[in-house]
Amino acid sequence: MRRFLANIVSVLYTLPRLVLLKAIYNKGVVFGCIERISPNVVIDVARKSKLVLGKRVRVHSGCKLKARPGAALKIGDDVRVNYNCMFVAHRAITVKSGAQIGPNVLVYDHDHDYRSGLRTGKFRAAPVVIGEHVWIGANTTILKGVTIGDRSVVAAGSLITGDIPADSVVYQKRDTTVVGQRG
């Protein structure tokens, strides 16, 4: 019962919040019906940027959705974003329908241009696309220019820097260490 009430509160909180964002940014904010975005999700939409949320999007507590000036952040229908994720778009991030994003996932479509100095605020950006029905495991980081094909699975703790074909399973090889044995 408690979970049901929390869901109702989130839905009731989300609608006026998105309507207010729509009033401020007009064409820059587009959303479908019955979104569920936790009250403590940070939504940062800069001028001349675009935030598009499909139908039945669910974003849990601690997440940050940021579209910088001139960027587009698009999240498709039936996407679930778990706790403490961050999406920061300087150019474009697209999450297609049915994607499931585990907790603490970071998605950046840019890198700091360290050659010009970190204080200059210059970035190198390339679009990120996460395909339909993709599952991204906890604590994964996805960097600029990546396309993850439809129906792929990315295991927890992965660092994704290159494209992944559709229907793939991706994991980082981990060394196993025996800490102790019973005996």
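1. Asp78 counts as partly exposed at 29% relative accessibility, where partly exposed denotes the range between buried (under 20% relative accessible area) and exposed (over 50%), computed with a 1.4 Å probe and protein chains only. Its side chain meets that of Arg56 in a salt bridge with an N to O distance of 2.7 Å, a salt bridge being a side-chain nitrogen of Lys or Arg within 4 Å of a carboxyl oxygen of Asp or Glu. Asp78 sits in the loop between β7 and β8 (80-81) and Arg56 in the loop between β4 (50-53) and β5, so the pair ties together parts that are 22 residues apart in sequence. Arg56 is likewise partly exposed, its relative accessible area being 38%.

2. On the basis of these values: this is a predicted model, in which local features need pLDDT of at least 70 and side-chain atom pairs count only at pLDDT 80 or more, while totals for chains, interfaces and linings use all residues. Residues are numbered from 1 along each chain as its sequence is written, and side-chain values use heavy atoms, with hydrogens and water left out.

3. The structure holds 4 salt bridges, among them the pair Asp44 and Arg68, whose closest N and O atoms are 2.8 Å apart. Because Asp44 lies in strand β3 and Arg68 in the loop between β6 (64-67) and β7 (72-75), this contact ties together parts that are 24 residues apart in sequence. Asp44 is partly exposed at 27% relative accessible area, and Arg68 is partly exposed at 24%.

4. Another of the salt bridges joins Asp167 to Arg151, with the closest N and O atoms 2.7 Å apart. The pair links distant parts of the chain, with Asp167 in the loop between β20 and β21 and Arg151 in the loop between β18 (147-148) and β19 (153-154), 16 residues apart. Asp167 is exposed at 52% relative accessible area, whereas Arg151 is partly exposed at 45%.

5. As to the sheets, 7 strands form an open sheet with parallel pairing in the order β2-β5-β8-β11-β16-β19-β21; its edge strands, β2 (36-37) and β21, each pair on one side only. Strands (E, at least two residues) and helices (H or I, at least four) are DSSP runs numbered from the N terminus, and two strands pair if DSSP finds at least two bridges between them. β2 and β5 (residues 58-59) pair in the parallel sense over 2 bridges, and the bridge partner of Ile37 in β5 is Val59.

6. An open sheet of 6 strands, also with parallel pairing, runs in the order β3-β6-β9-β12-β17-β20, and its edge strands are β3 (42-45) and β20 (159-160), each of which pairs on one side only. Within this sheet, β9 (residues 86-89) and β12 (residues 106-108) pair in the parallel sense over 3 bridges, with Phe87 standing opposite Val107 in β12.

7. A search of the whole structure finds 0 disulfides, a disulfide being a pair of cysteine sulfur atoms within 2.5 Å. Cys63 is in no disulfide, and the nearest cysteine sulfur, that of Cys85, is 4.6 Å away. Cys63 counts as buried at 1% relative accessibility, and Cys85 also counts as buried at 1%.

8. Lys173, in the segment after β21 (169-170), is exposed with a relative accessible area of 81%. Lys173 and Ser158 are 15 residues apart in sequence and 9.3 Å apart in space, C-alpha to C-alpha.
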